[in-house]
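This briefing is meant to be read with the sequence and the structure side by side.

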Amino acid sequence: MIGNNHSQICKVGGISPGLRVFISGAATGIGRVIADGLIECGARLHICDVSENDVKEFLVAHPGQKAAVADVADDAAIGSIFEEIERDWHGLDALVNNAGIAGPTGGVDEIRPDEWRRCVDVCLTGQFLCAHYAVPLIRSAGGGSIVNLSSAAGRFGYSYRTPYSSAKWGVVGFTQSLAKELGPDNIRVNAILPGLIEGPRIENVISSRAEQLGITHGEMKSEYVENISLRRMTPPEDIASLVAFLLSDMGTNLSGQSFGIDGNLEKI
């Protein structure tokens, strides 16, 4: 079922037409692919992203959808977005916590405290803030779904990227805790743990890691792929398909789960 064809999962997965969804960090990258797929399935979206130009491009591509320029670590900005959602939609059906940053690459004695804080603020605290404001709206709608984007780094230790890995481990704990807390409100909460996702972000990570280890980009990339049982990276459309499934009627009894999409990544 997971694949590059959004229309297939739209037919099978049972996304309700007009489903009201907020997605953070959705003007580019994995978030944008998720957004495009859900729109194709008939969902109504409100997204945010930090780039004004990317948000403008999203609105041009998807007239009628909603978007705001905001940093998920900014409490006031996120609170303002959800006030607008309440005014416009009078409720919310789903939250997709996608926003994140790669964070610094370096030894624990090299990473600055402000770099640590920024990575954790975006990758973990940002998910808390979005959930903090979204949950009352989802509860008032009678229930719904929250999908939190973690990472394969949320189940493996990751040397030289401790802020990112620590935050992504935190996302898994946040997900399982929320699933227990919100289950009685008919709100299901799951995490997705992508592995090596094709695109410029992983290429930048590989370059940084190669520089840290004193090897070439090509050598570092080969090492990464050798750690995947299927010997290939994952297209972002696979992540979007699973998000659609988890928001759909077919995901009704899935909660508190962490789904790895990584070709069986053996280590990082």
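Does S255 count as buried, partly exposed or exposed, given its relative accessibility? S255 counts as partly exposed, because its relative accessibility is 27%, where buried means under 20% relative accessible area, exposed means over 50%, and partly exposed lies in between (1.4 Å probe, protein chains only). This is a predicted model, in which local features need pLDDT of at least 70 and side-chain atom pairs count only at pLDDT 80 or more, while totals for chains, interfaces and linings use all residues. Residues are numbered from 1 along each chain as its sequence is written, and side-chain values use heavy atoms, with hydrogens and water left out.

**Overall form**

- The secondary structure of the protein consists of nine helices and seven strands, where helices (H or I, at least four residues) and strands (E, at least two) are DSSP runs numbered from the N terminus.
- The radius of gyration of the protein is 18 Å, which agrees with the value near 18 Å that a compact globule of 268 residues would have; the radius is taken over C-alpha atoms, and the globule rule is 2.2 Å times the number of residues to the power 0.38.
- Along the principal axes of the protein, the C-alpha trace spans about 55 × 40 × 40 Å.
- Of the contacts between residues at least 6 apart in sequence, 71% join residues at least 24 apart, a contact being heavy atoms within 4.5 Å.

**Surface and charge**

- The protein has an accessible surface of about 11,700 Å², and 50% of that surface belongs to carbon and sulfur atoms; such areas come from the Shrake-Rupley method with a 1.4 Å probe, and for residues only the protein chains shown count as cover.
- Buried residues make up 51% of the 268 residues in the protein.
- There are 22 positive and 32 negative charges, and their mean positions are 3 Å apart; Lys and Arg count as positive and Asp and Glu as negative, whereas His and the chain ends are not counted, and the place of a charge is NZ of Lys, CZ of Arg, CG of Asp or CD of Glu.

**Nonpolar cores**

- The largest nonpolar core has 32 residues, and those with the most contacts inside it are V21, I23, L38, L45, I192, V243 and L247; such a core is a set of buried Ala, Val, Leu, Ile, Met, Phe, Trp, Tyr and Cys residues joined through side-chain atoms within 4.5 Å.
- Two or more residues of this core come from each of β1 (20-24), α2 (29-40), β2 (44-49), α3 (52-61), β4 (94-97), β5 (144-149) and α9 (236-247), and the largest share, eight residues, comes from α9.
- Apart from this core lies another, of 27 residues, which includes A70, C130, A179 and V189.
- When neighbours within four places in sequence are left aside, the contacts of V21 include L38, L45, V96 and L247.
- I192 is placed in strand β6 and counts as buried, because its relative accessibility is 0%.
- Leaving aside neighbours within four places in sequence, I192 is in contact with several residues, among them V147, L149, I239, V243 and F259.

**Residues in loops and at the surface**

- S255 lies in the loop between α9 and β7 (258-261), and, with neighbours within four places in sequence left aside, S255 is in contact with A179, I187, R188, V189 and N190.
- G25 is found in the loop between β1 and α2, and G25 is buried, because its relative accessible area is 15%.
- Not counting residues up to four places away in sequence, G25 touches G31, C48, D49, N98 and A99.
- P200 has its place in helix α7 (residues 200-213), and P200 counts as exposed, because its relative accessibility is 65%.
- P200 and G29 are 171 residues apart along the chain, yet their C-alpha atoms are separated by 8.6 Å.

**Backbone angles**

- Most residues other than glycine have a negative phi.
- N186, which is not a glycine, has a positive phi of about 65°, and N186 is placed in the loop between α6 (162-182) and β6 (187-194).
- N264, also a residue other than glycine, has a positive phi near 60°; N264 is found in the segment after β7 and counts as partly exposed, because its relative accessibility is 46%.
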